[in-house]
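Hi everyone, thanks for coming. Today I'd like to walk you through some side-chain contacts, so please have the picture open as I talk.

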Amino acid sequence: MLNGWFLWFIMFWVVILVGLFAIGGFFMFRKFLKVFPKADGKSTLDWQEYYVDKSIHLWNTEAKDLLEELCSPVPELFRPVAKQKIGAKIGEIALEEKATKIDTDLIIRGYIIATPKRDHKFLRKKLAIMKLDAAPYEHLF
């Protein structure tokens, strides 16, 4: 016969494991959808890699440091993915505008466009801390 506390202990772990598997499955499924090819034959991740590769020569040390600083509020676990996504959007904008180098304006615009609306308040705080004016970018927020 099982004791009452042991049964509750097992039930607790069953709930925890099912919850963790559900959370992990959700994020794995989201990643799968990004790898799945679109109508043009390339996936979202393929396009991100394309724009990063095509614009890599436009990045200088100051631009990389600024992107690193802007991404610092992102949790460390997700920071590489965020930098890849934001860097790809910045590269896309730079290539569309035929920029000769990545500058502060491109980085801020690309960051705003690449991030969801809920993260814009963190960007505003970070820009205020860095003493960068967000007024020219209000139409993007």
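Let's begin with the aromatic rings: in this predicted model, the count comes to 8 aromatic pairs. Take Phe9 and Trp13. Their ring centres are 6.3 Å apart and their planes sit at 75°, so this pair is edge-to-face. Where are they along the chain? Both belong to helix α1, residues 4–35, and being 4 residues apart, they are separated by about one helical turn. Phe9 is partly exposed, at 41% relative accessibility, and Trp13 is partly exposed too, at 39%.

Tyr51 has 19%, and because buried means under 20%, Tyr51 counts as buried.

Going back to Phe9 and Trp13, they also belong to an aromatic cluster, together with Trp5, Phe6 and Phe12.

Now for the charges. How many salt bridges does the model have? The count comes to 3. In one of them, Glu68 meets Lys83, with the closest N and O atoms 2.5 Å apart. This pair links distant parts of the chain: Glu68 is in helix α3, residues 61–70, while Lys83 is in helix α4, residues 79–96, 15 residues apart. Glu68 is partly exposed at 34%, and so is Lys83 at 28%.

Another bridge joins Glu92 and Lys89, whose closest N and O atoms are 3.1 Å apart. Here both partners lie in helix α4, 3 residues apart, or about one turn of the helix. Glu92 is buried, with a relative accessible area of 19%, whereas Lys89 is partly exposed at 24%.

Then there is the bridge between Glu97 and Arg109, at 2.8 Å from N to O. It links distant parts of the chain as well, with Glu97 in the loop between α4 and α5, and Arg109 in helix α5, 12 residues apart. Glu97 is partly exposed at 43%, but Arg109, at 18%, counts as buried.

Which residues form the negative patch? They are Asp40, Asp46, Glu49 and Asp53. You can find Asp46 in helix α2, residues 44–55, where Asp46 is partly exposed, with a relative accessible area of 37%.

Notes:
Residues numbered from 1 in each chain as written. Predicted model: local features only at pLDDT ≥ 70, side-chain atom pairs only at ≥ 80, totals over all residues. Heavy atoms only, no water. Patch = residues over 30% accessible without salt bridge, like charges linked within 9 Å, V, L, I, M, F, W, Y side chains within 5 Å. Areas by Shrake-Rupley, 256 points an atom, 1.4 Å probe, with all protein chains shown as cover. Salt bridge = Lys/Arg side-chain N within 4 Å of Asp/Glu carboxyl O. Lys, Arg positive; Asp, Glu negative; His and termini not counted. Charge placed at Lys NZ, Arg CZ, Asp CG, Glu CD. Helix = DSSP H or I, 4+ residues; strand = E, 2+ residues; numbered from the N terminus. Buried < 20%, exposed > 50% of the residue type's maximum accessible area, 1.4 Å probe, protein only. Phe/Tyr/Trp six-rings, centres within 6.5 Å; stacked < 30°, edge-to-face > 60°.
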